[in-house]
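Please look through the sequence and the structure shown here before reading on. The paragraphs below go from a pair of helices to the sheet, and then to the salt bridges.

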Amino acid sequence: MTATVPIGEFSRLTYLTIKTLRYYHEIELLQPITIDPGTGYRFYSTAQVDQAHLIKRLRELNMPLPEIRAVMAAPDQTARDEAIRVHLERMEAELVRTRDVVASLKALLLPSAGISVEYRSIPSHPVLAMTSEVARDDCDQWCEYSFGTLYEQVGAAGLAPAGPGGATYAPEFFEYDRGEVVTFVPIEAGHRERFDAVLDLPARRFAIAVHAGPFTEFDRTYGALGSHVAEHDSALAEPVRERYLVGPGDAEPADYRTEVCWPIGRL
């Protein structure tokens, strides 16, 4: 059994202010079942209380109003639950990101242990590579796709990589949040004819630091290594090279090990 109640009473039943209920009516999110033609007073059904409670909770979860409208207009329970599930997964990912940022901020407050820099000359060597202009926000997806493709090609040829995979990042990638990214997997020189997309990484002398931990903390290693180079050497205006000694598929992010290679000279 349901009953019809005025907007003030409905406000008490739902913990939504009259102002909010009027707004939800205006945007056709939660409409009264009837409006007095003489006074314009709104009336609601007690059957709408659960709907109002759902809207309230979704707003507390920062779901945008258009998405809430889609949830409320879902044709059945399954469709409604799926829309809510997608939003919850997005929120959980955001919570993880917030936790990581908080941990990173706390680490910044601790005294710096300094950085260990190695100088190494790396000769030119062949790699199976994929090249694309990539936006910073899309870089994770691009790397996942391209490395998956490259390692699959090497495996399909019955070969093992000749070293850890890596990537180069053009200066524009950092300057404009978009630039050329080359992902690569080293191969033996004798096998280059078995592939189409082979290039030779140029011989360079690098200042190298090992980044320990997740990729979200790269800025700290870049900052320390780049500062060291600026203070002691002369950097080439060329892509920075990264070599993934331990990366996705090998360990958890906390155990990643990446060589960040800052180019300082030609061989």
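At what angle do the axes of helix 1 and helix 2 cross? The model is a predicted one, in which local features need pLDDT of at least 70 and side-chain atom pairs count only at pLDDT 80 or more, while totals for chains, interfaces and linings use all residues. Residues are numbered from 1 along each chain as its sequence is written, and side-chain values use heavy atoms, with hydrogens and water left out. Helix 1 (residues 7-14) and helix 2 (residues 18-26) have axes that cross at roughly 100° and come within 9 Å; helices (H or I, at least four residues) and strands (E, at least two) are DSSP runs numbered from the N terminus, and axes are lines fitted to C-alpha atoms, for helices over the stretch in contact, with angles running from 0 to 180 degrees between N-to-C directions. Helix 1 is therefore roughly perpendicular to helix 2, a term that covers angles of 65 to 115 degrees. Where the two helices meet, Ile7, Gly8, Phe10 and Ser11 of helix 1 are in contact with Ile18, Leu21 and Arg22 of helix 2, contact meaning heavy atoms within 4.5 Å.

The sheet is open and is formed by eight strands in the order 4-9-11-10-6-7-5-8, with antiparallel pairing; two strands pair if DSSP finds at least two bridges between them. Strand 4 (118-122) and strand 8 (198-201) are the edge strands, each pairing on one side only, and neighbouring strands are turned against each other by 35° on average, direction ignored.

Helix 6 (residues 139-156) lies across strand 5, strand 6 (166-169), strand 7 (178-186) and strand 10 (240-246), and runs at about 155° to strand 5. Helix 8 (residues 218-232) also packs on the sheet, where it touches strand 4, strand 6, strand 9 (204-212), strand 10 and strand 11 (257-266), its direction making about 25° with that of strand 11.

Side chains of opposite charge can pair when their charged atoms come close. A search of the whole structure finds 14 salt bridges, each defined as a side-chain nitrogen of Lys or Arg within 4 Å of a carboxyl oxygen of Asp or Glu. One of them joins the side chains of Asp177 and Arg136 at 2.5 Å, N to O; this pair links distant parts of the chain, 41 residues apart, since Asp177 is in the loop between helix 7 (171-175) and strand 7 and Arg136 is in the loop between strand 5 and helix 6. Asp177, at 42% relative accessibility, counts as partly exposed, and Arg136 is partly exposed at 35%, where buried means under 20% relative accessible area, exposed over 50% and partly exposed in between (1.4 Å probe, protein chains only).

Glu238 takes part in two salt bridges, one with Arg204, whose closest N and O atoms are 2.7 Å apart, and one with Arg266 at 2.8 Å, N to O. Because Glu238 lies in the loop between helix 8 and strand 10 and Arg266 in strand 11, the latter pair ties together parts that are 28 residues apart in sequence. Glu238 counts as buried at 18% relative accessibility, as does Arg204 at 12%, whereas Arg266 counts as exposed at 57%.

Note on methods: Parallel < 35°, antiparallel > 145°, perpendicular 65-115°, else oblique.
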